[in-house]
Structures are given as structure tokens and as C-alpha cells.
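Could you walk me through this protein, one question at a time? I am new to reading structures and would like plain answers.

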Amino acid sequence: GQNPRILNSNLHSREFYQEMWATLKRGEIWSGEVQNRRKGGAVYREHMTIAPARDPAGTLTYFVAMKQDITEKKQLELQLLRAQRMEGIGMLAGGIAHDLNNVLSPILLSIELLRMRFPGEAGESCINSIESAARRGAGVVRQVLTFARGIEGERIPLRIKDVIRELASMIDETFPRSIEIRRSLPADLPLVLADATQLHQVLLNLAVNARDAMPDGGVLTLQADRVSLGGTASPFAIATKPGAYLRISVRDTGQGIPPELLDRIFEPFFTTKAPGKGTGLGLATAFGIVRSHGGFLDVKSTLGVGTVFEVYLPAIIAPSQPAAAPAPPALSRGTGQTILVCDDEEFIRDISSEILTHAGYNVICATGGDEAVKLAGKPGQPIALVIMDVMMPGRTGDVIALELRRLRPGLPLLFSTGMVSDSGPEQSLREQLSLPATGLLTKPYDEKSLRQAVHRLLTGQKVDSKPPIPH
């Protein structure tokens, strides 16, 4: 018996309702989307069609409204738009990172050569600065690639309690005393298959953001529980598989995030912090790491109340024993074996050639795939190993590798790449990496990584390197 205006959300302008009523009073049908309130006060979206009704004399007497709750439909549309935008940003970021890796590779490869040519304290100081800057750059690029494609690490069954305990110990020592740290960890938490270092990085990034949101102090809560999902639990969960998940929550009582910024906070280089206070890569990196683990990252925030980030990771039922990581080989010297270096980047060819020659190998170079095939096809050319860039003009490295293997079955191949994606030549590369005598070097790599990879392949060992971690 009450007027329908009690359901008004107050989220539409006065002009919106004036236009609606003007249409109806002219005897026309009005149709559109409206935000209204439920009995409990919650706002929902509905599609509404209102038709005027007349009596036999033609007098406008009442209106008939047909309403459809489209809240879930709008949420699904938002999921799709977000996913498409993040995919586009990821492709762009991945392409830029690939080019930057080619720029950083010769710098890192040159460090040891520079140390030999410029010995002494003055030269060492300058070279250390160059190395530090190059590794910092590599670290930024690695974060961008983590966001863009996700990076595979060593996945082992993990107890999240151990990771959170280590994180809590670190932030207890480094965060302001005005921030109270709380933990809520049930005893029966499931295990997750994850890279411990990457997961620690995710939670640390979220904790640092929570700290920055509470400049005057507050409460930071680290919580974990087990949940069962059906596939549409989050705006970021388009492809979530139904099943058991471990949910890790990082909650603060800070300033909150404005609603208009929630859609952008996971974009790389987007930050609300002052210049010099953040790069805008923390949440983008966390997003990429969680996605590469088969999970997703959700956020809820209320201005003036606080924010909670929720990390969802697929739970595993029982642990398996991880294989012990082999000890890194020493920097063994070559005994005159011939190595073919194929890369379209002149600086990488030159530096790689100088490093390997100094290490006791005989090196020949090719500027592209066709030249590499000609050199490998020469009678009596004793090539022991090929270092092949994947992304080159013309025929890509994966195609050339197949031709080289036809010419010389069993020829060891060491691929180098700045980015591994899920399509094109990189997908073909994934398939070839399962073959014997095949390895991968991820750009940018340094002299030690290059020499170790060459030694491993020449001695029949597996090669799969990560780019150098910044100091």
C-alpha cells in the first residue's frame, strides 16, 4: 500500500525520472534500465518496461510495469569487459617486455667481460652500478611479463600457514607500530600447488598496499579458509573451474578505493600513489602470478571503511614429494666445440660470441634462420650446439629448429626468448622443449646462465632457465 518511490535508489538524476514520466504521460511506452532498492535496502539492477493503460473512454488511468532483475547479467558483462581489457593490456605489455629483454640481454652479458677489461676499484664500482641498474630493469620487465603471461616457477605442495607466518614475521618488524597485525588461520586448511617465492610476493604486495592505505594506523588481517566455488564467484573469474579453493584474504581498515578506480587497479603502471612512491606494478604482478597458478584475485572496498583483497587458489587433496633441485653446475670451459649462435640482434650475437670464445668454444654466427640452415648444411661443419633466438624476422626459430633437426638429427638446440606465450611460434616452442637435447634461456640472461646452459646441453642435461633476479 505504499508509493513505489520507497524503492528509489537515489542513483538517478531528477531529469531521468522527468523524462520517464513525460514519456508515459504522452501515452507512450517507456523502456530502460533502472537501479532500484530491494526490501532490505540493497541496490539491484532491473530492466523495466512501463506501458500506460486507458479505460474504454480513452482516459489514462494506470500503468503496467514489467520488470526483470538483470543484476547477474550486468555482472557477467562486467566480467567479460574486464577480461577483454586485461587480455589486451597483457598482450601490449608482453610485446614491450619482449623488446626490452633484447635490449637488456647484451648489457647483462657484458658485465663479466667489462670486469676483465677494467680491473681495479674504480672500474668495479662503475661496473657494479651498471649491473645493478640492468638487473633492476630486468626485474621490472619480469614483473610486466608476470602480469602479461604468468611465469611458471617451481610448483610444490604448500601449507599457506607457513607462507603467512613468514610474511607476518617480516611485516611485524618493518611495518609501523600503529598497524595491528591479526591472523585467522583454521587448522584444516588445504594445500595448494604453488611457487612459494611467487606466492610470498603476491601477499607481500597486498600487505604493502594495505599499509599504505592506513597512514594513521589501523588493523591488517591475514585470513585463510576453504571455499567451494561454482565458477562465477568473482568479476575476475570468467574461467574459474568449479571445485575446492583456498581463499587468502588481506583486509585493511584504511581509506578504501573509490568505485571508479576498482576496474583499473590491476592495470600495469596505474597507481594512485604519489610520484616516486610506487610503480603501479604490484597489483598487476600479483594478478599475473595468481592467474598463472590457476586462480583469481578479487577485491571489495568501501570508502572510509577499508579494503579486502581475496586470493583464490585451487586446493589439492594430498601432497606429493617434490623432486630435489639439482645443484647448479660449475662454469666449465669448452674444449673447442663449435657453437652456432643465431640471433637477429647484432649486440647479442657479438657479446655471446665473445663470451663463449673466451670460455673455450669455437663460435660461428648467423643473422637469421636461413643463414643458420646454410651453415649447418655445410659438409664437415662440426656443429656441437645451436643457440637459436625464437622471435626473428622471416622464419621464426621454432620453424628453423625443425629444419636443423632434419639436417642433423639429435643436434642440441638452446632456444632463447624474451617471452613465452600460448600461441604462434611460442606454442610450437613449448612442444619442442619436450624433446631430448633441447633447452631454453629466458632473456635477459647473464654470462653465468649462458655458460651453464651450454654446458648442461653438451653433457645431456635439462636446461630451463629463469631470467636473473634483480639484487
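Residues are numbered from 1 along each chain as its sequence is written, and side-chain values use heavy atoms, with hydrogens and water left out.

Visitor: What is the mean pLDDT of the protein?
Guide: Happy to start there! pLDDT is the predictor's confidence in each residue, from 0 to 100. In this protein 80% of the residues reach 70 or more, and the mean pLDDT is 80.

Visitor: Over which residues is the pLDDT below 50, with 5 contacts beyond near neighbours in sequence?
Guide: A contact means heavy atoms within 4.5 Å. Where pLDDT is low, the predicted coordinates should not be read in detail. One such stretch, with pLDDT under 50 and 23 contacts beyond four places in sequence, is residues 466-471. The stretch with 5 contacts that you ask about is residues 319-325.

Visitor: How many helices and strands does the protein have?
Guide: Helices (H or I, at least four residues) and strands (E, at least two) are DSSP runs, numbered from the N terminus. Counted in that way, the protein has 11 helices and 16 strands.

Visitor: What percentage of the 471 residues count as buried?
Guide: Buried means under 20% relative accessible area, exposed means over 50%, and partly exposed is in between (1.4 Å probe, protein chains only). By that rule, the buried part of the 471 residues is 46%.

Visitor: Is Leu-203 buried or exposed?
Guide: Leu-203 sits in helix α5. Beyond four places in sequence, its contacts include Ile-160, Val-163, Leu-167 and Val-311. The C-alpha atoms of Leu-203 and Val-163 are 8.9 Å apart, although 40 residues separate the two along the chain. With 2% relative accessibility, Leu-203 counts as buried.

Visitor: Which residues does Asn-205 contact, leaving aside neighbours within four places in sequence?
Guide: Asn-205 is also found in helix α5. Its relative accessible area is 18%, so Asn-205 is buried. Leaving those neighbours aside, Asn-205 is in contact with Gly-282, Thr-285 and Ala-286.

Visitor: Which residue forms a salt bridge with Arg-38?
Guide: Side chains of opposite charge can pair when their charged atoms come close. A salt bridge is a side-chain nitrogen of Lys or Arg within 4 Å of a carboxyl oxygen of Asp or Glu, and the structure holds 20 of them. For Arg-38, the closest N and O atoms are 2.9 Å apart, and the partner is Asp-69.

Visitor: Why does the pair of Arg-38 and Asp-69 tie together parts that are apart in sequence?
Guide: Arg-38 is partly exposed at 38%, and Asp-69 is partly exposed at 42%. Arg-38 lies in the loop between β1 (30-37) and β2 (43-54), whereas Asp-69 is in strand β3, so the pair joins parts whose separation in sequence is 31 residues.

Visitor: Which residues are linked with Glu-112 in a network of salt bridges?
Guide: Glu-112 is partly exposed, with a relative accessible area of 33%. Glu-112 and Arg-115 both lie in helix α2 (residues 71-117), 3 residues apart, about one turn of the helix. Their salt bridge has its closest N and O atoms 2.8 Å apart. The residues linked with Glu-112 in the network are Arg-115, Glu-124 and Glu-131.

Visitor: How far apart are the closest N and O atoms of Glu-447 and Arg-451?
Guide: These two are 4 residues apart in helix α11 (residues 447-458), which means about one helical turn separates Glu-447 and Arg-451. Both Glu-447 and Arg-451 are buried. In their salt bridge, the closest N and O atoms are separated by 3.7 Å.
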